Structure formats: structure tokens, C-alpha cells
Amino acid sequence: MERIRDVNVIIPTLNEGDAIGPTIDEIMQYIQKENIIVVDGNSTDNTREEVEKRGVRFFTQSGSGKADAIKQALKYVDKEYVLVMDGDYTYPAKHIKDLYNTIKSNDEIDHVIGVRNRKRQSLVYRFGNWFLTKFFDILFNVHLDDVLSGMYIVRRKALEGAVFEMKGFSVESEIAAHISSLGNKIAQVSIEYRERLGKKKLGVRHGIKIAVNIIRLSWRYNPVMVFFLAASLLMIPGLIIGSYTAFDYFFLHVDHFVKAIIAVVLVGTGFQSLMLAILSFASCLLY
Ligand SMILES: Nc1nc2c(ncn2[C@@H]2O[C@H](COP(=O)(O)OP(=O)(O)O)[C@@H](O)[C@H]2O)c(=O)[nH]1
Ligand SMILES: [Mg+2]
């Protein structure tokens, strides 16, 4: 079978001694080994030996976390497309072809995400992924189904000029934010998701960090939405409390001073936020 030539594969690893061997063996059915790069976060197990045994490029990252690793590996890529894939054997390599064919089929598509079948994920993990993806969708006005997937392909040119500031597991949302803010297309392909080999690293703590980082990204790329969301979060409860106090005051002659003050503050700051949203939206249209 003819292997794909114009794709670099980046695999971030941290103590994936059990999984990285089988992961690479599978990838090599589709990609020649010269095009694969493993970027490691100072593993203390046999990850390095497993990679080098197979003649695949291996280097140890500087900085820390998955984001720094991928950012650094991007400096060494030279093919037209870059595919990122976790090194824990969860993503079947056969899907490389699906992602590749999709990005290759349309010049307007800059990014293809492998949307995981969630059957193998625990309930908490599944909810976290769903919640963070929907949160991202709202703030960036897109319709993605799995923004945190660890398997995706990107057109290298689309990443030129990207600002990477995020840490750890927020790198996927940062890439999606960059591509969607350019107004370029992100496509999706359904993929299977397997049980990982070795110990997992992601927890609720990481989920919270990702949520905060999605807000920071939105602040950078789409501030209108942040103002608008803040406005709704303040004005909706403000209006509810306000109507209730007004009703009691005018019809039942009961005063609720504290509630009335709270309502005024909420509606007032919410209104300012809304004005800022409208102003920033208008200035976006002008420039
Ligand atoms: N280079 C590098 N890779 C990392 C780091 N943390 C996690 N990874 C890798 O990133 C991928 C995703 O992490 P993983 O533990 O599978 O997350 P989970 O499966 O979602 O719990 C795996 O291939 C990890 O080995 C890091 O600090 N540096
Ligand atoms: Mg994983």
C-alpha cells in the first residue's frame, strides 16, 4: 500500500512506554517513519527506547506540558499537513486516511478534527468533553462536536502567524480558536476511540483549566461574545429580581430594599456590558 507522503505526524508523550510502541507500529502502516516526530515531556519510563528502537525521531521538549511540546514540534515540520495524535493508543491509526482525505479534498478546509465515539469514556469525562465543547461553540460561534480530541490534522500554512500562549491540554482549543477566527473551515470526521494503554493523566482539575483558557481565548479572538455573555449572566437574574420587587412594591405595597439594590446593580452592569458588546461589534465591522 502506498503511504502518505505530505503529512508530518506529531506525537506528544509522557510516560507512554506501554502504548507508544503499538501506536507507532500502527501509524507506520500509513506514514513513513521519517515523517513521524515524538516529542516527549521527560518520561521516566522506557518511552524513549520504544521510539528509538523503531527508528523514529525523538526529542525531549523544553518547557512543560502538552502545549509546549506540540508548539516546539511544529518548528520541525516541513510537510504540507501536520497530524497530531496522542501516544496512548486510544486513536486507531486507520483514521489517518479519513482525516487526510477530508483535508485534501477541499482547499478551504484548514483543520479536520477526529470526533471520538464516546462509548469508551467514563461519565464524568464524557460530560466534561461535551460541556467544554459546547462552551467553545457558544463563544466562537461554531458547531464542533469534540474540540478536545487528541487526533486532528491541520494545514501547516494555516498555523503560520498563530499566537500560542496556552499551556497543557488547552492546545487543541487554541488551534481551533485560531483557525475559526481566520474564518477558515474546520471539518469533522467520526473516529473510534479505544481504551488507553497505560495510566491516564487528565482529571477534573484539567477540565477547569481548559474552561478558563477557553474564556481567555475568546477574549483574544472574540471579545464581543465575552461581553455579551457577561451581559446576559447579569441582566437575566437582574430583570427577574427587579420585576418581582417592582410587582410587590406597586401592587402589594411591600418594599424589598436589598433585593431592589441587587437588581439595579445587576441590570446596570449588565447593560454596560451589553453596550460594550455592541460597541466592540460595531468597531469590528468598521475595521
Ligand atoms: N510531551 C508531553 N506530552 C504529554 C504531556 N502530558 C501529556 N502528554 C501526552 O499527551 C497525550 C494526551 O494525554 P493523556 O494522558 O492521554 O490524556 P487523557 O487520555 O485525555 O487522559 C498523551 O499522549 C500523553 O502522553 C506533557 O507534559 N508533555
Ligand atoms: Mg488519552
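Biologist: What makes a residue part of the lining of the largest pocket, and which residues lie nearest its centre?
Modeller: A lining residue needs an atom within 4 Å of a point of the pocket. In this predicted model, 47 residues line the largest pocket. Nearest its centre lie Tyr-125, Phe-169, Lys-200, Lys-201 and Leu-202.

Biologist: How much space lies in that pocket?
Modeller: About 1,100 Å³. As for how you find such a space, rolling a probe the size of a water molecule over the atoms shows where empty space is left.

Biologist: Which element gives the most to the lining of the largest pocket?
Modeller: That's α5, with seven residues. It runs over 123-140, and β1 (7-13), α3 (65-73) and α7 (204-221) also each supply at least two lining residues.

Biologist: How do the lining residues divide into nonpolar, polar and charged?
Modeller: There are 17 nonpolar, 18 polar and 12 charged residues in the lining.

Biologist: On to ligand 1. How many residues surround it, and which are the closest?
Modeller: Ligand 1 has 20 residues around it, and the closest are Glu-16, Gln-61, Gly-87, Asp-88 and Tyr-125.

Biologist: What makes the pair formed by Glu-16 and ligand 1 a polar contact?
Modeller: The cut-off is 3.5 Å between N or O atoms. A polar side-chain atom of Glu-16 is 2.5 Å from an oxygen atom of ligand 1, so the pair counts. Arg-196 also uses a polar side-chain atom, 2.9 Å from a ligand oxygen. With Pro-12 a polar backbone atom takes part, at 2.8 Å from an oxygen of ligand 1.

Biologist: And how much of ligand 1 does the protein bury?
Modeller: Alone, ligand 1 exposes 560 Å², and 94% of that is buried by the protein.

Biologist: Let's talk about single residues. Is Thr-23 called buried or exposed, and why?
Modeller: Buried means under 20% relative accessible area. Thr-23 has 2%, so it is buried. Thr-23 belongs to helix α1, and a polar atom of its side chain lies 3.2 Å from the backbone nitrogen of Tyr-89.

Biologist: Why is His-253 put in its accessibility class?
Modeller: Exposed means over 50%. His-253 comes out at 65%, so it counts as exposed. You'll find His-253 in the loop between α8 (223-252) and α9 (257-286). Its phi is positive, near 55°, and His-253 is not a glycine.

Biologist: Which class does Asn-15 fall in, and why?
Modeller: Its relative accessibility is 33%, between the 20% and 50% limits, so Asn-15 is partly exposed. Asn-15 has a positive phi too, about 50°, although it isn't a glycine. Look for Asn-15 in the loop between β1 and α1 (20-27).

Biologist: What about Pro-223: why does it get its class?
Modeller: At 26%, Pro-223 lies between those limits, so it is partly exposed. Pro-223 is in helix α8. In sequence, Pro-223 and Leu-276 are 53 residues apart, while their C-alpha atoms are 9.4 Å apart in space.

Biologist: Finally, the chain as a whole: how many helices and strands does it have, and what part of it is buried?
Modeller: You can find nine helices and seven strands. Of the 287 residues, 48% are buried. The C-alpha trace spans about 80 × 40 × 35 Å along its principal axes.

Definitions and conventions
Residues are numbered from 1 along each chain as its sequence is written. Chains are lettered from A and ligands numbered from 1 in the order in which they are written. This is a predicted model: local features need pLDDT of at least 70, side-chain atom pairs count only at pLDDT 80 or more; totals for chains, interfaces and linings use all residues. Side-chain values use heavy atoms; hydrogens and water are left out. On a 1 Å grid over the protein atoms alone, a cavity is a set of points where a 1.4 Å probe fits but cannot get out, and a pocket is an open set with protein on both sides within 12 Å along at least five of seven lines; lining residues have an atom within 4 Å of a point. Grid points are joined across faces, edges and corners, and a volume is the space filled by probe spheres set on the points. Helices (H or I, at least four residues) and strands (E, at least two) are DSSP runs, numbered from the N terminus. Ala, Val, Leu, Ile, Met, Phe, Trp, Tyr, Cys and Pro count as nonpolar, Asp, Glu, Lys and Arg as charged, and the others, Gly among them, as polar. Buried means under 20% relative accessible area, exposed over 50%, partly exposed in between (1.4 Å probe, protein chains only). A residue is near a molecule or strand if one of its heavy atoms lies within 4 Å of it. A polar contact is a pair of N or O atoms within 3.5 Å; within protein, one must be able to donate a hydrogen and the other to accept it, and residues adjacent in sequence count only if both atoms are side-chain atoms. Accessible areas come from the Shrake-Rupley method with a 1.4 Å probe; for residues, only the protein chains shown count as cover.
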